[in-house]
Amino acid sequence: MRVEEAVGLLIVGLVIFSVGASLAAPALAPKPTQQEVEELGVLLSQIVKDVLGPARVCGGASSAGGQWRIELDPQEARAMLIRVGVGSVELNPSDSSEGAVVVEMEGVREWAPSENVISLCFGEVRVYLPPGFAFDNLTIEVGTGEVRGTLPISPGGSAEVDLGTGDVRLDLSPQSPSGVATLSVGTGSAKAYGFDSTSEGPREVRATLGSGSGFTLEVDLGMGDAEVRVSGP
Amino acid sequence: MAGPFRSGLYRVGGVLLHPRQTFEVMAHEDVSIGLPLLLAAGISFAEGALFVAAVLRIIPLPLAPVISIASPLVGIGAAVSNVVLMVIAALLIHLDARLLGGTGDVTRALSVVAYSVLPSALPLGAFSLAVLVGGLGAIGWLALGGVLWLVAAVWGVALLVIGVSVFYNVDMGSAFLAALLIPLVDLLVVIFLGKYGLVLLMAAYALAYYFSRQSRAGGVAWAPAREPVGADVGEIAPEELDEERPGEDGGGER
């Protein structure tokens with residue numbers, strides 16, 4: 001056998017061995033239990049849904065980059081949907097005497113038919129809330145990023161924070177001292193402070209204030225840390 | 001049966017060890033496509049599948065079901081896309097080489113492109129070991145595979161240029177232009193200008209084709225104007241032929 005043939009045989013052998021190794025790779029990895037398979041499936045579908053879901057709307061004909069400042073009537077703003085593909089959402093109390101809810105945005109915006117629906121492919125959303133304002137129905141969806149700030153919530157109001165990967169840090173300011181906060185985290189930590197009682201389940205923390213019959217806050221996080229602290233009323 | 005296989009192995013080894021000689025032999029005999037194309041597809045499959053499996057093996061989670069789905073899927077995707085890319089690259093290289101004055105058919109370009117993928121078999125060993133070792137140890141093997149992949153890429157480009165030079169009978173500079181520089185510019189134009197870039201490229205190629213045709217047509221028109229070698233033979237008088245030529249009888253001055 002000539003040297004060239006030997007080298008050729010080596011290449012062919014290497015390719016066959018590598019294809020075999022790639023097919024045998026799953027057998028080498030540790031086998032999960034049935035429960036782990038189910039949890040993994042839930043985690044992956046959650047990440048795919050949260051990360052790709054909001055980001056999928058990016059780049060359409062109705063999207064544009066820039067900076068915006070809009071003022072919303074507090075009655076309209078009591079129900080809001082804020083959706084960000086990659087970026088952050090910040091809720092800040094404002095000492096403005098005008099009484100309007102001010103939303104500042106920076107990034108690539110996807111135009112929505114309603115003003116109280118804020119949709120950003122990439123960027124930052126900062127919401128300034130006037131004194132005495134509280135949300136009745138707030139939904140924040142972020143693919144990858146951060147949600148932070150002060151969240152005032154009405155006595156029977158509900159708020160939902162859905163985040164794929166990143167951190168949630170909220171100071172909860174309920175108008176009545178009764179309600180429930182549920183923090184579900186796939187991979188990471190969930191902490192609740194200032195509540196009357198907390199119970200921990202697998203990857204979930206349920207914190208109750210008062211009788212628990214008032215407001216509801218749900219934080220659903222795929223990967224990252226969630227921290228909710230009662231700061232009011 | 002063993003004959004063609006051994007000949008195929010010889011060519012694979014020969015291209016890697018002494019490419020110019022082997023490509024020259026192929027240019028005179030026949031250009032092989034089957035084995036190099038099969039190997040190139042196998043290498044692409046194994047690289048894609050092994051890389052994904054190795055990366056997932058680093059994560060300390062029971063990811064066997066994910067690997068069993070993701071690894072072959074990525075492998076098949078890599079193999080199919082690489083074969084498609086090889087065909088596109090071969091068409092471009094063929095077009096460029098012909099416009100630069102080369103001679104040869106598109107199977108030669110496809111053969112050269114397939115052979116140029118063979119050095120990419122080098123990192124397969126490291127990727128396989130990364131999969132076998134798993135955990136943090138796999139990172140080192142993956143890094144080694146990455147370095148070998150870069151070496152293989154440079155080696156592959158060298159094979160591509162040498163192969164185009166031999167198969168299309170052009171100099172190394174033209175081969176470098178046809179095999180690497182022009183396709184690279186084409187790619188950048190398409191990336192940055194999108195469909196407008198594609199239209200621009202098609203127009204550029206059409207113009208280049210037109211001018212090369214014109215140039216060849218001009219050459220044909222110009223050629224008869226020259227005195228062909230030996231055209232004046234019939235006009236030589238018989239007595240001129242009888243004249244003694246210097247040195248014919250060995251008596252010429254030296």
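Helix axes are lines fitted to C-alpha atoms over the stretch in contact, and angles between them run from 0 to 180 degrees between N-to-C directions. This is a predicted model, in which local features need pLDDT of at least 70 and side-chain atom pairs count only at pLDDT 80 or more, while totals for chains, interfaces and linings use all residues. Residues are numbered from 1 along each chain as its sequence is written, and chains are lettered from A in the order in which they are written.

Chain A holds three helices and nine strands, where helices (H or I, at least four residues) and strands (E, at least two) are DSSP runs numbered from the N terminus. Of the 233 residues of chain A, 37% are buried, that is, they have 20 or more other C-beta atoms, placed from the backbone, within 10 Å of their own.

Where chain A meets chain B, the contact takes 26 residues from chain A and 34 residues from chain B, two residues being in contact if their C-beta atoms, placed from the backbone, lie within 7 Å. On the side of chain A, the elements that give two or more residues are α1 (3-28) and α2 (34-55), and the largest share, 19 residues, comes from α1(A).

The axes of α1(A) and helix α3 (residues 34-58) of chain B come within 9 Å and cross at roughly 35°. Residues of α1(A), including A:V15, A:S18 and A:A25, meet residues of α3(B), among them B:G42, B:F45 and B:A53.

Technical notes:
A residue is buried if 20 or more other C-beta atoms lie within 10 Å of its own, exposed if 12 or fewer, and partly exposed in between; C-beta atoms are placed from the backbone.
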